[in-house]
Amino acid sequence: MKPITLDLEHSSSKSLYIQLYEYLKKEITLGNMEADEKLPSLRSISKELCISITTVELAYSQLLVEGYVVSKPQSGYYVAKLSINQSSGSGADGAVIDFE
């Protein structure tokens, strides 16, 4: 599990969960996070980035819906094995579920 090196812009018009989602999606599609690699727990990333667990959960949920991660009960979130379209960044249409 690699550390998250993301500087969230709290004053940005872009939601915090979208900033986190985009960062993780980019890391996954660029191959900086490998298939079956465990993502940090909701609690740990929340503490590390000083954001709510709900914010992290929203970002992870979006990645889950789009197939970039899988959830293993009682274990956590893991990077999914990506198709060629996903890994090239041309898979999903970039639509983001708006939870706000």
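What is the handedness of the crossing where helix 1 passes helix 3? I looked this up before anything else. The model is a predicted one. Helix 1 passes helix 3 in a right-handed crossing.

**Entry: helix 1 and helix 3**

I took the elements as residues 16–29 for helix 1 and residues 53–65 for helix 3. Their axes are 8 Å apart, and the packing angle is about 45°.

I then listed the residues in contact. From helix 1 I noted Leu16, Tyr17, Leu20, Tyr21, Leu24 and Lys25. Their partners in helix 3 are Thr55, Val56, Leu58, Ala59, Tyr60, Gln62 and Leu63. By class, I have 10 nonpolar, two polar and one charged in this contact.

**Entry: helix 2 and helix 3**

Helix 2 covers 42–49. I found that its axis and that of helix 3 come within 8 Å and cross at roughly 120°. The crossing of helix 2 and helix 3 is right-handed. On the helix 2 side, the contact uses Leu42, Arg43, Ile45 and Ser46. On the helix 3 side, I wrote down Ile53, Val56, Glu57 and Tyr60. The classes here are five nonpolar, one polar and two charged residues.

Val56 and Tyr60 of helix 3 are on my list for helix 1 and on my list for helix 2.

**Entry: aromatic rings**

I looked for aromatic pairs and found one in the structure. The ring centres of Tyr60 and Tyr77 are 4.9 Å apart. Tyr60 lies in helix 3 and Tyr77 in strand 2 (residues 76–79), so the pair ties together parts 17 residues apart in sequence.

Are Tyr60 and Tyr77 buried or exposed? Both are buried.

**Entry: positive phi**

I checked for positive phi in residues other than glycine, and noted two cases, Asp36 and Gln74.

Asp36 has phi near 75°. I placed Asp36 in the loop between helix 1 and helix 2. Its relative accessible area is 42%, so Asp36 goes down as partly exposed.

Gln74 has phi near 65°. Gln74 sits in the loop between strand 1 (69–72) and strand 2. With a relative accessible area of 87%, Gln74 is exposed.

Terms used
Residues numbered from 1 in each chain as written. Predicted model: local features only at pLDDT ≥ 70, side-chain atom pairs only at ≥ 80, totals over all residues. Heavy atoms only, no water. Axes fitted to C-alpha atoms, helices over the stretch in contact; angles between N-to-C directions. Helix = DSSP H or I, 4+ residues; strand = E, 2+ residues; numbered from the N terminus. Left-handed = near helix turned anticlockwise from the far one by under 90°. Contact = heavy atoms within 4.5 Å. Nonpolar A, V, L, I, M, F, W, Y, C, P; charged D, E, K, R; others polar. Phe/Tyr/Trp six-rings, centres within 6.5 Å; stacked < 30°, edge-to-face > 60°. Buried < 20%, exposed > 50% of the residue type's maximum accessible area, 1.4 Å probe, protein only.
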